[in-house]
Each structure stands twice: as C-alpha cells, then as structure tokens.
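Opening the notebook on this one.

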Amino acid sequence: MKTIKRFFTTMVAILLLFSTTKILAQEAQTAPQFITVTTMHWNMENDDFDMDTWKSVEKEYLDKVTMKNEYIMSSSFYLHNLTPDNTELISVRTYGSWADIEKASQKNSELQKEAWADETSRETFFKKQGAFYSNEHSDEIYSTMPEVTKPLLDNSKDMVCYVRKTHLAFPEDGKNDELRTLFTENFEKIIKDNPLVKGYYPNRHAWGADGTEMMEAFFFDSLADLEKMFDGLPDLYEKAWPDEAARKERGEKFGKYFTGVHGDYVYSLVAGLSK
C-alpha cells in the first residue's frame with residue numbers, strides 16, 4: 001500500500017514542476033491546454049426527476065450548441081459513483097487556449113439563440129434544463145499536461161473515472177531535472193502501456209481555490225479493473241526497478257515533494273453526452 005500511495009503522490013508533484021519544453025509542436029497545436037471543471041448538484045426538490053429525461057435534455061443542448069461551438073474541444077458529464085456527495089455531477093470541458101474559454105461562452109449565447117429562435121421556446125427549454133439542478137455549483141480551471149497524457153480512445157460507453165487530488169509541498173531542494181527524469185520513467189513504465197488504464201489525464205491548478213492542487217483522472221472499463229491496477233502496481237515497480245534499494249531511494253526522492261494529503265473520487269462517465 002505504501003508503494004501505491006507513493007506512486008500517486010509522486011505523479012502529482014512531478015507534473016506540477018515538470019517542464020513543458022519537450023512538448024512536440026504537433027501536440028502543442030492540437031491538444032487541449034485548459035480544462036474547466038464545474039461541480040453541480042441535483043435539485044433534490046424536483047419530484048419529477050427522471051434520468052432518461054435529463055439525458056435527452058442535455059443531449060439536445062449538446063447537439064444544438066456544444067457540438068457546434070468550435071472553441072470547445074471536448075465536453076463530458078460525470079455522475080457520482082464513490083464520492084462524499086451523492087448529489088453531485090461534474091461537467092468537464094477542454095479548450096485550446098485561455099482566450100477560447102471566454103470565446104466559447106460568447107459563442108454559446110449565439111448558438112442558443114439560433115437553436116431556439118423564439119424567445120418563449122428558449123425560455124421553456126432552459127427552464128426545463130435548469131429544473132434538474134440546484135443553484136449551488138463550483139468552478140475550477142486546470143492546465144493540462146498533453147505531453148504526458150494517455151488519450152481515451154473510446155468514450156461511447158459508460159466508463160469508470162477515478163480522480164485523485166494531491167497537494168505539493170514545494171521543497172527548497174527540489175530540482176526540475178531530477179523530477180523530469182523520474183516522472184518520464186514512471187509514465188513510460190507504469191501508465192503508458194498499462195492495458196487496464198484506458199485513459200490518463202493529469203491536470204494542474206490554473207485558477208481556483210487551491211494553488212497546490214493537482215488532479216489526475218484515470219479511465220477504466222470497470223471498478224474491477226481499477227482494483228486490478230492497484231493490486232498490480234507493486235509487481236510493475238519491481239519489474240521496472242528490480243533492486244529494492246533503488247526503489248526505496250526513488251520513493252524517498254519523490255516523497256519530499258508532497259504534503260501527504262490526498263483525496264480519492266470515483267465517477268461514471270455518461271455515454272452519449274460527450275463531444
């Protein structure tokens with residue numbers, strides 16, 4: 001278990017400090033650079049709530065607005081699975097630049113008026129959509145790390161999304177070169193070719209409540225595969241670094257970059273509501 005905890009906390013600090021100078025030009029041009037995460041909550045006073053109806057309403061908005069907005073690179077919904085709050089659902093969108101976040105909002109307004117040209121029909125739709133949610137929500141913006149991302153190739157089915165939030169300690173003797181080398185090896189040997197991990201997206205704080213936060217999202221076909229990944233980590237480490245003393249030394253190097261505080265969350269990707 002210590003090996004597993006060390007692995008995930010290590011990933012966080014390295015990504016926050018990892019230099020982006022080696023990003024391929026093509027990746028820099030095509031990969032999302034920012035991600036917005038909006039945590040919403042169901043309206044628990046809505047006695048007429050129906051999941052299929054909610055999906056159909058959001059699918060209509062997706063088809064008429066989000067899919068046509070060139071400034072939104074991707075969009076997806078996530079439902080509570082194993083989190084402290086069963087009322088929450090997450091809306092995630094990615095953008096090519098910081099400016100595109102504002103442009104996307106303006107474009108949404110234009111597309112909404114085009115989709116529901118009649119003011120009455122527009123008000124009716126958004127009243128129906130809004131009835132599913134409470135007024136409470138929170139927003140975070142993260143910087144993506146496209147050079148160390150493992151893209152999810154198929155989002156056409158419901159998937160398990162494991163999210164881990166960790167916090168940097170900012171050691172005075174921290175060295176980017178050391179972290180870059182250790183992280184590159186970890187990504188290549190532990191995550192990149194791991195068949196259980198269908199997608200991996202590390203994101204660092206850009207705008208929000210906690211500047212020390214790092215969020216990593218892992219995608220799996222099932223909860224069983226998530227458990228298998230945890231169970232298999234010690235063997236992967238031993239295979240990658242057979243010498244026990246060397247593994248211990250690596251762990252000590254990594255450990256100094258973290259506070260030791262982390263949070264774990266499991267969500268379900270909603271198939272059919274993704275761009």
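I searched the whole structure, a predicted model, for salt bridges and got 11.

Started with Arg164 and Asp264: they form a salt bridge, with the closest N and O atoms 2.5 Å apart. This pair ties together distant parts of the chain, since Arg164 is in strand 5 and Asp264 in strand 8 (residues 258-269), 100 residues apart. I checked cover on both ends: Arg164 counts as buried because its relative accessibility is 4%, under the 20% cut-off. Asp264 is partly exposed at 37%.

Next, Lys198 and Asp221, another salt bridge, closest N and O atoms 3.9 Å apart. Lys198 sits in the loop between helix 6 and strand 6, Asp221 in the loop between strand 7 (213-220) and helix 7 (223-240), and 23 residues separate them. I looked for shared partners too, and Lys157, Lys198 and Asp221 are joined into one network.

For a local pair I took Lys107 and Glu110, whose side chains meet in a salt bridge at 3.9 Å, N to O. Both are in helix 4 (residues 98-115), 3 residues apart, about one turn of the helix.

Glu244 belongs to helix 8 (residues 244-255) and is exposed, at 61% relative accessible area.

Backbone note: Phe170 has a positive phi, near 55°, though it isn't glycine. I find Phe170 in the loop between strand 5 (159-168) and helix 6 (176-191).

Pro202 is buried, with 1% relative accessible area, and its C-alpha is 6.7 Å from that of Thr149, 53 residues away in sequence.

Key. Residues numbered from 1 in each chain as written. Predicted model: local features only at pLDDT ≥ 70, side-chain atom pairs only at ≥ 80, totals over all residues. Heavy atoms only, no water. Buried < 20%, exposed > 50% of the residue type's maximum accessible area, 1.4 Å probe, protein only. Helix = DSSP H or I, 4+ residues; strand = E, 2+ residues; numbered from the N terminus. Salt bridge = Lys/Arg side-chain N within 4 Å of Asp/Glu carboxyl O.
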